[in-house]
Amino acid sequence: MAGLLFKGAPARAWRGLILGFLSLGLASCAGGILDPLGPVGQGNAIILIDATLIMLAIVIPTILLAFWVAWRYNAANPKAEYLPYWAYSGRVEAVVWSIPVLTIMFIGGLIWIGSYKLDPFRPLPSKSPPLEVQVVSLDWKWLFIYPQQGIATVNQVVVPAGTPVRFSITSASVFNAFFVPRLGSMIYAMPGMISQVNLQADSAEEIWGISAQFSGDGFSDMQFQVRSVPAADFETWAAGIRGSGPRLDEAAYAGLLQQTHRVSPATFGAIDPELFQAVATQKIAPGPGPEPEGPGHAGREVSTGGKD
Amino acid sequence: MFGKLSLSAIPLSEPIPLITSFVVILIALGVLILITVKGWWPYLWHDWITSVDHKRIGVMYCLLGVLMLIRGFADAIMMRTQQAIAIDAPGYLPPEHYNQIFTAHGTIMILFGAMPLVLGFMNFLVPLQLGVRDVAFPTFNSVGFWLTASGALLVNVSLFVGEFARTGWLPYPPLSETTYTPGVGVDYYLWAVQISGVGTLITGINIVTTVLKMRCRGMSYLRMPVFCWTALASCLLIVAVFPVLTATLAMLTLDRYLGFHYFTNTAGGNPMMFVNLVWAWGHPEVYILVLPAFGIFSEVFSTFSGKPLFGYRSMVAATLFICIVSLMVWLHHFFTMGAGAAVNTFFGISSSIIAVGTGVKIYNWIFTMYGGRVRFETPMLWSMGFLFTFTIGGLTGVLLAVPPADFMTHNSMFLVAHFHNVIIGGVVFAVFAGLEFWFPKAFGFRLHEGWGKAAFWCAFIGFWVTFAPLYVLGLLGMTRRLQHINIPEWAPWLYVSVAGVGILILGVIAQVVQLVVSIRDREKLRDVTGDPWDGRSLEWATPSPAPFFNFAVMPNVEGEEAYWGIKLRAVETQQLAEEPKYEPIEMPVHSPVGIFTAFFTSVFGFAMIWYIWWLAGVALVAAFAEFVVFAWRDVHEYEVPAEEVARVDRARRAAREALLDRLSRQGALP
């Protein structure tokens, strides 16, 4: 049952069966977290399922017991004996404390092992060195900088399948959370700080990511394309972008800092390699927020609601 | 002269808030006119508004809570319909409006709906169950209530003057700083929550003092009903954490008003500090709500099973355990900030450990029913619904406490489903069980049974139809607070959820009909004995409605379940205890200090929100002056003559004789 704790072939079969069953159950779950595309998402999903099963083993009997007792001892049932003074039993007490304690010890073990094994900072085991991607959340779009390739993209991220990717994440305005459900763990994008998450896609597929922390009026459209492509195609893609299109320097970045809605994917053929550090350390000032308030607004802000 | 305030603060171009405001103002005007025409003002003023009677204050708290639940529910209807409509479409609520709605929904439901209801129950019940005549500081109590009402007023004023916050119910900086949210919305939030927070703190201090210092003779700690224990634990948490909230919001206020840099992006501010501080309040806050709810269920399970609560001491231990551990889990609200494995492990385990205390309680309730004679009247239905719903909510809660699982479900619809699962299944179900259960004690007649059951079934089924799909949506990767949806695969689940809201609406209607029908049939439903449910704790020793002095003679408690003991003795000896010698009773005089203070704090809050500095100064001085005037009062108590006490109590004794007769004939007691 606790697949993470007991690594045997039967456990693995169980796990596969359950994953398969759940995937079937949620047949339309294109993009769900129970349909992972890489090792991190898989690890998280397995822990989610294991913990659920451990608890269901207790919760289902408890609920059944509750309803059985309520039904058996309902006032209309003359066969049930009435024990008007029965309000203490050391044995029952021992059992009712032990059941949750034991369950939580089990879950506690899962938490302990899982937290270390799936710490977002932890590099993924792999033969190939990780691809570095720097992520900046802006109002209201995502900027992805590829320092090794010398290119950058907006609202789309392309990664080589089978290669770990190390995302370093910061924010240029308010909090967001970087989250690609089918790849796994989300992590906050915080201004003035760099957080990290290591993810990997096992096969080539087109999926999507979102911001999972409310960040203002344009939040709903902070969705970005995620394309995992065969490793060779990745090099071709990067080479195709490099040198073509505008250069991401402070001037271009200043344009990105303005609040915009529903931004279409874009690419930059060259980058300023210091840019990400300058954003994270706030050498470049954070986004200016909305236009200065006009005198007519009287405390009410009116946005264009994504129509611009 | 008027700061930022001008006519353009009224949303003339936005039909939804405009029409709503209009309707609300019309209804309020109608009520005021009705009161004036009927000449009810003197009664309302003397018996309710200036009352320092803990029962009246409790009832007013509950009334405020119910009104705000309806307001919050209206927000919920708009959110669910917007998400169902806005699939690859803009829907009918633009982001700047939609974002206010979900912020107001959270703020109102927690701070102005659930909190007043829970505080109302504590106010109403704790003195009655402890066998005393009032809380420790009766006038202070009235001030506390009216400050909460003042906060609720400010939140609702934001509907038609200006706007409410658009940041989520916990206004995380830097989004809530003036750079990113320059309007008055966050200021409305800050001042409303600050003012009502002071009110809550006052009530917390009051209840803690009452429980610690005011119990009647023989009411030792381990003879207190479990509800009093949970009220004590909850109020200890209030006293511990509401100052944290006040300080946190004060810092954000300084950032916004005076350009400080506690939580700003620049100049050394750290927004993550706000997140830590606000959850140091926010997590205990949910236990402040749910512990008294556990208390209510404990009373209901025991009464309707005709048995003492199973494992009383272990219930008390579990309550205190939850009270303490709840202070050590706040970080599970942001595992995803990347704190590292050790920190996440600690907070993950400490969070799931709370489930031990809750688990023990669940088993104890089950064993309370074991060997009982369980009567499935409305309060018991809510309690069984709770047992099922809350257990599932607990399961998903522990899942969210497992960091790797949380990395996938944080901020998702799964989370939304989870906390509604525990707050509706725990707190709201308890509130309705409690309203049904203690309504006769407050008003002298029962609520209609059939409509109550209809309301329960609609709420129970409606809850699951609404929120089960949200669990699925969370697993599909849908995050919360989306104004429109770009992924059409989610649509079916959103539609099902809206259908659930429809069932919940039926439940609300049933609840309202129940109240109306019960008032109409009040003579038929009258509770003449004062003990309509075969109760076990001291509040049932009083007539219904309880007299303003609660007990003619202070009870002398000789065991657990004080009133049950008295009842058994009466049945055994076939007579009531001897008539006591009645003495005059000193009661606190009614005082308008609460409503006046709240009036001036409302003006103060409004003036601060709109930068009307002179008015803010005047109102603050006036609010403070209330206390000074009150402190110099000459008369603070009046005497109820012994004859009056005797008259009231002899009527009670006569009713009890009749009850005793009936009980003896039925042989209902063991």
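**Entry 1: the annotated span of chain A**

I began with residues 128–240 of chain A, where the chain is 9% helix and 52% strand and the end C-alpha atoms lie 22 Å apart. Helices and strands here are DSSP runs numbered from the N terminus: helices are H or I with at least four residues, strands are E with at least two. This is a predicted model: local features need pLDDT of at least 70, side-chain atom pairs count only at pLDDT 80 or more, and totals for chains, interfaces and linings use all residues. Residues are numbered from 1 along each chain as its sequence is written, while chains are lettered from A and ligands numbered from 1 in the order in which they are written.

I then looked up the record. UniProt places "domain: Cytochrome oxidase subunit II copper A binding" at residues 128–240 of chain A, in an unreviewed entry. UniProt positions follow the numbering used here, feature names are shortened, and annotations may be inferred rather than shown by experiment.

**Entry 2: the confidence**

I checked pLDDT, the predictor's confidence in each residue, from 0 to 100. Chain A has a mean of 88, and 84% of its residues reach 70 or more. Its residues 1–7 fall below 50; this stretch has 20 contacts in the model beyond near neighbours in sequence. Two residues are in contact if their C-beta atoms, placed from the backbone, lie within 7 Å. Residues 303–308 of chain A also stay under 50, with 13 contacts beyond four places in sequence. Chain B averages 94, and 99% of its residues score at least 70. For the model I noted ipTM 0.92 and pTM 0.93.

**Entry 3: the sheets of chain A**

I traced an open sheet of 5 strands in chain A, with the order 4-10-9-6-7 and mixed pairing. Strand 4 (156–160) and strand 7 (184–189) of chain A are at the edges with a single partner strand each, so one side of each has no neighbour in the sheet. Two strands pair if DSSP finds at least two bridges between them. Strands of a sheet pair through backbone hydrogen bonds, either parallel or antiparallel.

I followed one pair inside this sheet. Strand 6 (residues 176–180) and strand 9 (residues 205–211) of chain A run antiparallel and are joined by 2 bridges. A:Phe178 has A:Ser211 in strand 9 as its bridge partner. Helix 4 (residues 231–241) of chain A lies across strand 4 and strand 10 (224–229), at about 135° to strand 4. Axes are lines fitted to C-alpha atoms, for helices over the stretch in contact, and angles run from 0 to 180 degrees between N-to-C directions.

I found an open sheet of 6 strands in chain A too, ordered 8-5-1-2-3-12 with mixed pairing. Its edge strands are strand 8 (195–199) and strand 12 (266–268), each pairing on one side only. From one strand to the next the twist averages 20°. Strand 5 (residues 165–171) of chain A pairs with strand 8 in the antiparallel sense over 5 bridges. There A:Ile169 stands opposite A:Ser195.

Which loop holds A:Trp140? I found A:Trp140 between strand 1 (131–138) and strand 2 (141–146) of chain A. The peptide bond joining A:Asp139 and A:Trp140 is cis, with omega about -10°.

**Entry 4: the helical spans**

I looked up "transmembrane region" in the unreviewed UniProt entry; the annotation covers residues 45–71 and 92–113 of chain A. Residues 45–71 are 100% helix, with end C-alpha atoms 37 Å apart. Residues 92–113 are 100% helix as well, with 32 Å between the end C-alpha atoms.

I read 68% helix and 0% strand over residues 39–558 of chain B.

**Entry 5: where the chains touch**

I looked up the contact: 90 residues of chain B touch 92 residues of chain A. Helix 10 of chain B gives the most to the chain B side, with 17 residues. That side divides into 50 nonpolar, 32 polar and 8 charged residues. Ala, Val, Leu, Ile, Met, Phe, Trp, Tyr, Cys and Pro count as nonpolar, Asp, Glu, Lys and Arg as charged, and the others, Gly among them, as polar.

**Entry 6: two loops of chain B**

I noted a cis peptide bond from B:Ser544 to B:Pro545, with omega near -10°. B:Pro545 lies in the loop between helix 15 (491–520) and helix 16 (562–573) of chain B. B:Asp88 is not a glycine, yet has a positive phi of about 55°. I placed B:Asp88 in the loop between helix 3 (54–85) and helix 4 of chain B.
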